[in-house]
Protein chains: 2
Amino acid sequence: MNELNTKGQLLKTAARAWAVADTETKNRVLSAIADTLMAQADTILKENEQDLIAARENGLSVAMQDRLLLTKDRIQGIADGVRKVIDLPDPVGEITDVVTRPNGLRIETHTVPLGVIGIIYEARPNVTVDSAVLCLKAGNAVFLRGGKEATRSNAALVACMKEAIRQAGMPEDAIQLLSDQSRETAKEFMRLNTYLDVLIPRGGAGLIRAVVEQSTVPVIETGSGNCHVYVDDSADLPMALSILINAKCSRPSVCNAAETLLVHQSVAEAFLTMAEPALKEQGVEVRGCAKTCALMPSAKPATDEDFYTEYNDLILSVKVVEDVDEAIVHINTHSTRHSEAIVTKTQAHADAFVAGIDSAAVYVNASTRFTDGFEFGFGAEIGISTQKLHARGPMGLRALTSYRYQIYGDGQIR
Amino acid sequence: MNELNTKGQLLKTAARAWAVADTETKNRVLSAIADTLMAQADTILKENEQDLIAARENGLSVAMQDRLLLTKDRIQGIADGVRKVIDLPDPVGEITDVVTRPNGLRIETHTVPLGVIGIIYEARPNVTVDSAVLCLKAGNAVFLRGGKEATRSNAALVACMKEAIRQAGMPEDAIQLLSDQSRETAKEFMRLNTYLDVLIPRGGAGLIRAVVEQSTVPVIETGSGNCHVYVDDSADLPMALSILINAKCSRPSVCNAAETLLVHQSVAEAFLTMAEPALKEQGVEVRGCAKTCALMPSAKPATDEDFYTEYNDLILSVKVVEDVDEAIVHINTHSTRHSEAIVTKTQAHADAFVAGIDSAAVYVNASTRFTDGFEFGFGAEIGISTQKLHARGPMGLRALTSYRYQIYGDGQIR
């Protein structure tokens with residue numbers, strides 16, 4: 001039996017114990033995890049240092065090295081994050097519906113854990129703990145497949161978590177880390193339907209595409225965000241500028257950052273003239289349609305490809321549109337269905353935009369940057385779904401649950 | 001541009017119009033569809049006759065020919081089914097949550113259609129209309145890929161539905177039938193992520209496995225049912241027998257039929273002695289564990305494979321178990337997570353069974369045959385989900401929707 005099947009079997013068994021664990025027990029485990037992480041910070045940092053040495057030897061980019069890096073402060077941050085999950089309501093065991101049928105059958109709908117969740121991610125060791133803890137709180141077992149650059153860090157973090165679970169008297173098998181880092185095994189991991197109930201990729205567009213392409217386990221697609229800000233003819237232009245600069249520049253590398261500005265033709269000149277120096281000050285490169293280039297001397301011409309691109313960088317594509325309808329069609333054609341915003345004072349245009357846009361989060365007069373589990377008040381986030389099945393937009397603990405029908409009778413037959 | 005992309009594009013455009021259609025409009029379309037089906041019954045039957053001639057020439061089994069067959073009565077039944085969907089509540093446009101955040105952002109959660117739904121199915125022409133109508137009622141566009149044996153029947157049914165939609169003043173592009181029946185195109189259909197939001201296979205285990213294996217579009221896995229009845233030590237044995245016979249024999253070919261009987265060791269002799277003549281009378285072949293075979297002379301020995309098998313036939317595998325815990329472990333190991341029943345008078349055993357079983361529907365003292373959208377009171381059914389993502393168990397109209405966050409601000413930035 002290979003590692004996948006051995007660990008899959010352990011997870012499936014452990015998942016049954018976790019599914020029926022009460023809230024207090026799960027919180028006791030989380031508390032022990034936070035304590036153990038702090039108590040063993042030195043060990044974790046030593047292993048992380050080894051990963052970093054290897055990363056430098058292998059010529060990993062400085063940005064990637066920074067993602068990989070753990071410090072005492074970062075471990076403290078991870079442990080604080082675990083403690084915050086303790087305070088969140090338990091999403092499991094709720095009865096969401098009770099119906100008694102004419103034949104006397106009582107049909108109850110109960111929230112239950114998903115079961116065994118696979119997480120496939122890159123070289124960010126914090127994801128190891130964040131994901132595992134959210135899965136456990138929702139009563140799930142979790143199979144982690146992290147980036148190979150973080151192998152030693154992840155092993156140390158998982159060892160900590162397992163020790164804490166053991167201390168708290170629960171089955172430590174509920175967390176497994178895939179050690180075999182081969183591509184072949186990653187592929188098999190994505191086809192482990194016997195053991196995995198769902199697979200959540202967390203990482204860049206390439207990883208997510210690969211998982212969607214190759215997985216036979218049900219996937220929740222996350223994180224790819226080609227987000228738009230549309231400035232309507234009746235927009236408060238200073239508000240529009242503030243939203244645009246926030247959406248584009250406050251953290252350009254994240255998925256809820258804006259990539260494209262659409263501007264109504266009748267305010268294009270006024271708005272683009274106002275926006276040009278502000279964007280320049282932020283170091284934003286503008287790639288515009290012909291009309292944009294005519295109005296904004298610093299803009300380079302945009303290709304069709306630009307409008308499909310999630311730059312994750314200080315680059316903005318800009319297009320002048322005829323009206324809100326053209327904006328809607330452009331967005332539905334080019335976006336990744338993540339987050340889009342309209343800035344307008346016209347209720348009818350806001351309504352048309354909200355109804356017409358096929359994205360997870362549609363904003364009226366606010367920045368796309370709010371698409372986030374914490375900003376939505378979920379207290380946590382396992383990712384941002386860009387598919388429509390199961391969960392859409394920011395996913396909190398509830399997204400890590402399913403439901404079960406419990407039907408009570410007294411001998412009914414059909 | 002090939003057929004998939006051309007029709008995909010038409011569907012995507014039509015889906016936007018359907019997403020914002022009001023209930024009255026959608027119901028008007030459904031009513032027109034029912035009328036047109038009846039008005040054009042002769043044309044439909046003529047095309048169906050051609051499919052049947054080809055089916056006989058190609059040596060299709062009698063059972064398959066029967067599934068393919070349409071009659072005036074069956075068309076009436078299909079039209080009646082359409083009219084029933086008119087009466088169901090519109091699942092779209094409901095506001096399920098409103099939260100105002102400390103920064104003043106108002107976050108509303110609205111139910112919205114899934115978008116474009118792909119249905120891949122076998123040679124049952126009724127599925128063409130049933131599926132399309134449910135998708136339309138929930139505001140979706142639908143891309144149908146039916147079995148090649150029903151090509152002419154399906155084309156006639158789709159032509160009828162399109163004509164009705166046109167009459168009702170809505171975009172008929174919301175229904176498309178894939179005419180290219182090649183395997184290669186079926187494969188591409190399952191990878192049409194640009195246009196399809198979800199893919200629902202409706203058919204036998206082979207079709208469903210192929211779709212799960214090959215699809216990159218999010219799939220809702222349906223219909224495979226290796227269901228269990230467990231007779232506990234405190235069971236009312238006549239009730240247990242009535243439930244077993246109903247679950248096994250009332251319609252053995254369907255997914256909610258029972259395939260395996262588990263019986264507590266302390267009542268095994270009494271129950272199996274009672275069950276043997278009843279099963280024999282129904283023509284059920286029993287394949288049992290060693291203990292079963294000792295107690296039931298007519299039983300053949302079961303292989304391990306038997307306990308994993310969905311017979312869809314008058315065959316029953318039987319195993320004597322030590323207690324409810326062994327029953328739970330056996331079921332979680334062998335079942336397809338569809339429906340399982342316990343017959344017991346012991347509340348603690350019922351509770352342990354319900355909490356411990358990892359299936360969509362868990363019954364206490366009732367037949368597994370109730371796992372059905374109509375029996376659950378949904379008024380319709382697009383299939384029975386055996387996965388945990390998105391929808392579980394019988395799926396009604398609500399399962400054909402997603403949700404969208406609509407966020408209203410007055411210039412909030414982060």
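## A buried strand and its neighbours

A crossover between two strands is called right-handed if, with the strands pointing away from the viewer, the path from the first strand over the helix to the second runs clockwise. In this predicted model, such a right-handed β-α-β unit is made by strand E3(B), helix H6 (residues 125–137) of chain B and strand E4(B), where helices (H or I, at least four residues) and strands (E, at least two) are DSSP runs numbered from the N terminus. Residues are numbered from 1 along each chain as its sequence is written, while chains are lettered from A and ligands numbered from 1 in the order in which they are written. Because the model is predicted, local features need pLDDT of at least 70 and side-chain atom pairs count only at pLDDT 80 or more, whereas totals for chains, interfaces and linings use all residues.

Strand E3 (residues 116–121) of chain B has 6 of its 6 residues buried, so the strand is largely enclosed by the rest of the structure; a residue is buried if 20 or more other C-beta atoms, placed from the backbone, lie within 10 Å of its own, exposed if 12 or fewer, and partly exposed in between. Val116(B), Gly118(B) and Ile120(B) cover one side of the strand, and Ile117(B), Ile119(B) and Tyr121(B) the other, all of them buried. Two strands pair if DSSP finds at least two bridges between them, and E3(B) pairs in the parallel sense over 5 bridges with strand E4 (residues 141–145) of chain B, where Phe143(B) is the bridge partner of Gly118(B). E3(B) also pairs in the parallel sense, over 5 bridges, with strand E6 (residues 198–202) of chain B, and there Ile120(B) stands opposite Pro201(B).

## A sheet built from both chains

E16(A) and E13(B) run parallel and are joined by 5 bridges, with Gln412(A) standing opposite Ala366(B). Within chain B, strand E12 (residues 339–343) and strand E13 (residues 361–366) pair in the parallel sense over 4 bridges, and Glu340(B) has Val362(B) as its bridge partner in E13(B).

## How the two chains meet

Chain A can be laid on chain B with an RMSD of 0.0 Å by a turn of 180° and a shift of 0.0 Å along the axis, the copies being superposed by least squares on the C-alpha atoms of residues with pLDDT of at least 70 in both. That is the relation of a two-fold axis, and the C-alpha of chain A nearest the axis is that of His390(A), 1.8 Å from it.

The contact takes 56 residues from chain A and 56 residues from chain B, two residues being in contact if their C-beta atoms, placed from the backbone, lie within 7 Å. Among the elements of chain A that each supply at least two residues to the side touching chain B are helix H9 (205–214) and helix H14 (347–356), while E16(A) gives the most, with 11 residues.
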